Each structure stands twice: as C-alpha cells, then as structure tokens.
Amino acid sequence: MTNNPRTCGGCTACCDGWLTDKSLNLEPGSGCPNRTAEGCGIYETRPEKPCRSFTCAWLQRPDEFPEAFRPDQSGAICIVDRDWQQWKVLRAIPVGANIPPESHEWLLQYAKDRQIPYIYLERRMEGGRQVHLKEQALGPVQFAEDVKKAPGLNDTFWGFVQEE
Ligand code: SF4
Ligand code: SF4
C-alpha cells in the first residue's frame with residue numbers, strides 16, 4: 001500500500017512462528033529457521049507466501065488499529081480478509097499462547113462496533129511447543145446460528161449480547 005505510512009518496524013511476530021506455515025516449517029514457539037539476529041537470512045529470495053504477501057490488519061488499517069496495537073505489543077496478529085455471508089470476519093492469532101485480556105477486550109469491542117464475527121485462537125503450550133489449538137468465535141446471533149449448522153472441530157460459538 002503506497003499511501004500507508006506503516007511498516008512492520010520492530011515487529012517480527014510473523015517470522016517468530018505464530019503464523020503457522022508448513023512450507024517454511026513455521027511452528028508456534030520455534031520461529032522460522034531462516035531468522036537470524038539481523039533479521040531474515042533469505043530476505044532477497046524469501047517466498048511470496050507468506051513472507052511477501054502477508055500483511056496483518058494492523059499494517060493494512062492504520063485508521064482502525066491504533067499504533068500501540070502492533071502485534072508484538074498487543075499480542076494479537078489480526079486479519080480482516082474473509083467474509084462470512086454479508087460480514088467481514090475479524091480473526092486474531094495470539095503472539096504466544098493466548099491473546100492478553102486487554103487486547104481481547106479491545107478486539108471484542110472492535111467487532112461489536114462493526115457487528116462482525118470475531119474468531120480467535122487459543123493455544124496450550126508445553127515446553128515451548130504448541131500441544132493444542134482451539135478456535136473460538138463470537139459474533140452476531142445470526143452468525144452463531146449459521147455456524148452451528150456446520151461447526152468445525154473444537155469450535156465454540158456464542159452470539160453477541162446486543163448493547164446500546
Ligand atoms: S504481524 Fe503484521 S506488523 Fe508484525 S511482522 Fe507480521 S505483518 Fe508485520
Ligand atoms: S523466510 Fe524470512 S521473512 Fe519469511 S518467515 Fe522466515 S524469516 Fe520471516
């Protein structure tokens with residue numbers, strides 16, 4: 001995005017392995033094997049996916065996500081690139097085991113304000129490795145009802161309480 005002043009800067013949440021990618025052996029807790037102390041060791045030849053093409057919502061949407069919500073600081077890599085019927089879907093991937101409560105609250109409010117579904121992951125880590133991953137979702141009542149018709153394994157869905 002040429003007019004977007006944001007860059008990843010000091011955030012390396014993608015390369016740290018929190019975005020799982022089998023082609024690069026990215027695993028939560030282990031990070032990318034191409035990482036060096038100076039950054040990406042194969043920067044010039046890094047692959048298109050996920051390295052060149054992935055941009056998180058913090059990077060894409062500076063008007064919506066505050067500066068302090070950079071993923072390495074908020075603990076959440078956010079993505080707003082999928083639709084569920086008429087809704088955009090907010091997905092949040094923890095940088096670490098779980099999204100910190102204050103960031104989770106902020107994201108919940110973001111989703112409520114826009115009346116969009118909010119899907120987030122929770123991990124259980126043991127010995128620095130992920131041993132379990134759970135997907136949770138909160139959303140408008142119609143979203144929850146639609147998802148109940150075809151739930152994924154381990155998915156838990158609730159409807160938003162509508163607030164004035
Ligand atoms: S999470 Fe976002 S800001 Fe951080 S490295 Fe990835 S794309 Fe850049
Ligand atoms: S190849 Fe480079 S840019 Fe891609 S995840 Fe690994 S360290 Fe990051």
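Author: Gladly! One definition to begin with: a residue is buried under 20% relative accessible area, exposed over 50%, and partly exposed in between. Please keep in mind that this is a predicted model.

Reader: Thanks! Is Asp-72 buried, partly exposed or exposed?

Author: The relative accessibility of Asp-72 is 35%. Buried requires under 20% and exposed over 50%, so a value in between has its own class. Asp-72 is therefore partly exposed.

Reader: Which side chain meets Asp-72 in a salt bridge?

Author: In this pair the N to O distance is 2.7 Å, and a salt bridge needs the two atoms within 4 Å.

Reader: How many residues apart are Arg-6 and Glu-67?

Author: These two form a salt bridge, with the closest N and O atoms 3.4 Å apart. Arg-6 sits in the segment before helix H1 (14-18), while Glu-67 lies in the loop between helix H3 (57-60) and helix H4 (71-74). The pair thus links distant parts of the chain, and the separation is 61 residues.

Reader: Which residue of that pair is buried, with a relative accessible area of 12%?

Author: Glu-67 counts as exposed, at 52% relative accessibility. The buried residue is Arg-6.

Reader: What is the count of salt bridges?

Author: Another pair is Arg-61 with Glu-64, whose closest N and O atoms are 3.4 Å apart. Arg-61 is partly exposed at 23%, and Glu-64 is partly exposed at 27%. The count of salt bridges comes to 5.

Key:
Residues are numbered from 1 along each chain as its sequence is written. Chains are lettered from A and ligands numbered from 1 in the order in which they are written. This is a predicted model: local features need pLDDT of at least 70, side-chain atom pairs count only at pLDDT 80 or more; totals for chains, interfaces and linings use all residues. Side-chain values use heavy atoms; hydrogens and water are left out. Helices (H or I, at least four residues) and strands (E, at least two) are DSSP runs, numbered from the N terminus. Buried means under 20% relative accessible area, exposed over 50%, partly exposed in between (1.4 Å probe, protein chains only).
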